[in-house]
Each structure stands twice: as structure tokens, then as C-alpha cells.
Amino acid sequence: MEKISILGAGTMGHSIALSAAWAGETVTVYGIDEQDLSNADRGLHNKLKVMTDNKLVTVDQAEEIRQRIQLTTFLEKAILNSTFIIEVVPEVLELKKELYSRLETLISDDVIIASNTSGFKPSLLAEEMRLPARFVVTHFWNPGHLIPLVEVVKGEQTDAKTVERAMAVLKEMNKKAILLHKEIPGFIGNRLQYALFREAQALLDAGVASKEDIDAAVTYSIGRRLPVTGPLMTADMGGLDVFSAISNYLFEELATDQRSGETLSTLVVENKLGDKTGEGFYSWEPDVSAKLNKEREQTLIHFLKKDLKAGASE
């Protein structure tokens, strides 16, 4: 079992730490200041309460999980005796590179450095590293403790042992790790997500339907079957001849916009950024926000319970 350190105590950082601790691993989380750690501690408390309320863990188990997570503002303490470091700092290229440069002066050559970046190519992130062979991307999805998927992306110089250790760590954390054989911007999940988002924007901007009906077209159709079958398996089940014929006439009609759509761009200029500002495509009153965030969390917990049950029966 690896000794894990998480560098970054924000939403993803402490959620990833929670996943590791839930799997029985002791993990240290580094935050930039005491306020950062306080926020992480509160986040851990709230997430563990939801987990106990939904019977994912008992109260005693929740306490044990929390005890396995250490928080610190000292980088050297965070990585002491660490064998696997997961970087979860903001998506600023130079900030990440500076951190890797500092890390390589503090750790031994056999320590893995992994990044939770959601878009940067690993070869770009590791281009100034002394030992790029030990670098790999492990992209967790938010919320990191409830969504199983982690995308593992190797760079041009990432060696096979690094990938093997990363996959083993994620298996220990009860994650569904998928391996990309080529590094591409956005990896797999975000490319699929934003392909759908681009088409949704184009439909809205063209006045094809209301935002509510465009969203409903997903949540009440493909959204119902995607938890069971992905797009390629869905095509197999529907008949590849049918899906090929539809692709041949429909692809040329799909959106090919290279930038954000008109409605989205206008909302951003007006600082209507969605839930965090109270208005975006939709109006986000506090009670509406709380209700929808809870509903989404409950849905994720429902599927996670199914995953855990299926895993226990294998």
C-alpha cells in the first residue's frame, strides 16, 4: 500500500483524501494556510455526516476515517515518507510546474507525482521535471468521494511502472480507473461532456427549444440509460446499422462551433455564472440551490451504493 499525500485542500483535494481514508489508507493533506485547512475540515465533517445519514458508513467508521486524514500547512510535513503524491492545486500551468520543481528537491526518485488536472497534457506539465518518467495524470471527478471514475493519462515519458502503481492505488481506493493510451486535451470524460454541452448551447441559441426542455431531453431519455450503457454499448444494443445510418445523415447537421455560444458568452460577460452567483441559465435562489445540490448528491449516493454492492458480490 502506498503512502499518499494530497497537495491542495480545496473541494477536490479533501474529497480525494476522503476516498483514500474511506479505503483504509492514511493520508496527509497540504493546504496553503489555516483558513484553507479550516475549510477542508468543515468539508470533511459535512461529507462524512451525509455518508453516515445515508448509511454508507457508521458513525464509528466515520470517526475512524476522519482520524486517518491529517491536515497541515507545511509542505515538508505533508510529503514526509510519502510514496505517492497527488497534486490538486489550481489549474495554472506555471503554479503546477513550480510545485513539481520544488517537490523534486524534497523527495526520493521512486516517489510518484500525479496531477488531478482536468485538461493539461501530462507531457506539458512534466516538460521541466528532472524525472518525467514518474509523472502521471490521475483525473478524479467532482465530488471525488462519490464518483468512481478516475482518468489515468500517461505522458510521452511516463514509464510503465508509474502507470502500474497509479492503477493499483486507485484500485485500493475502490475507484473505476480508465487508462488513456494517448494524451489529448480534455481526456475522455470532458470531451464527451462538452460535445453534449456544445450541442445544447447551439440548440438554445437557435431557439429550437427552451432551456428546460433541452435539459429534459437528456435527463428523461439518454440520462436514464447512460448509468448502465455508455454510447458505444448503447449503439451495439440499438443496432450498428441503425446508428451508422443516423450518423451519416445527422453528423453534418451537428454543431461545430469553436467558441462558447452567444447565450453563454453573454451570461459570462454579465457575471451571471450560475449557482455561485445566483443566476446563470437558470435562477439560483438559495433554497433552489440547496434542493438541487442535495438531489444530485442523493442520486450519486444511490449509484455508489449499487457499485459497492456489485463489488462486494464479485
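Colleague: Is K55 buried or exposed?

Modeller: K55 has a relative accessible area of 72%, so K55 is exposed. Keep in mind that this is a predicted model, where local features need pLDDT of at least 70, side-chain atom pairs count only at pLDDT 80 or more, and totals for chains, interfaces and linings use all residues. Residues are numbered from 1 along each chain as its sequence is written, and side-chain values use heavy atoms, with hydrogens and water left out.

Colleague: Where is K55 found, and what is its phi?

Modeller: K55 sits in the loop between α2 and α3 (59–67). Helices (H or I, at least four residues) and strands (E, at least two) are DSSP runs, numbered from the N terminus. As for backbone angles, most residues other than glycine have a negative phi, and most peptide bonds are trans. K55 has a positive phi, near 60°, and is not a glycine. N271 also has a positive phi, about 60°, without being a glycine. N271 belongs to the loop between α12 (262–269) and α13, and at 49% relative accessibility N271 counts as partly exposed.

Colleague: Which peptide bond is cis?

Modeller: The one from N142 to P143, with omega near 0°. P143 is placed in the loop between β6 (135–140) and β7 (149–154).

Colleague: How do I read a helix such as α1, and what length does it reach?

Modeller: Start with the expected span, which is 1.5 Å times one less than the number of residues. Helix α1 (residues 11–22) has 12 residues and reaches 16 Å from its first C-alpha to its last, close to the 16 Å expected. Because 10 of its 12 residues are buried, α1 is largely enclosed by the rest of the structure. Among the buried ones are M12, H14, I16 and L18. After α1 comes G24, with a positive phi near 100°.

Colleague: Which residues does M51 contact beyond its sequence neighbours?

Modeller: Contact means heavy atoms within 4.5 Å. Leaving aside neighbours within four places in sequence, M51 is in contact with L18, W22, L56, V57 and H145. M51 lies in helix α2 (residues 34–53), and at 1% relative accessibility M51 counts as buried.

Colleague: What about pockets: what volume does the second largest pocket have?

Modeller: The idea is simple: rolling a probe the size of a water molecule over the atoms shows where empty space is left. Here a pocket is an open set of points on a 1 Å grid over the protein atoms alone, where a 1.4 Å probe fits, with protein on both sides within 12 Å along at least five of seven lines; lining residues have an atom within 4 Å of a point. Grid points are joined across faces, edges and corners, and a volume is the space filled by probe spheres set on the points. The second largest pocket has a volume of about 440 Å³. The elements that give two or more residues to its lining are α1, α2 and α13 (286–313).

Colleague: Which residues lie nearest its centre?

Modeller: Of the 16 lining residues, T11, K47, P143, N293 and E297 lie nearest the centre of the second largest pocket. The largest share of the lining, five residues, comes from α13.

Definitions and conventions. Buried means under 20% relative accessible area, exposed over 50%, partly exposed in between (1.4 Å probe, protein chains only).
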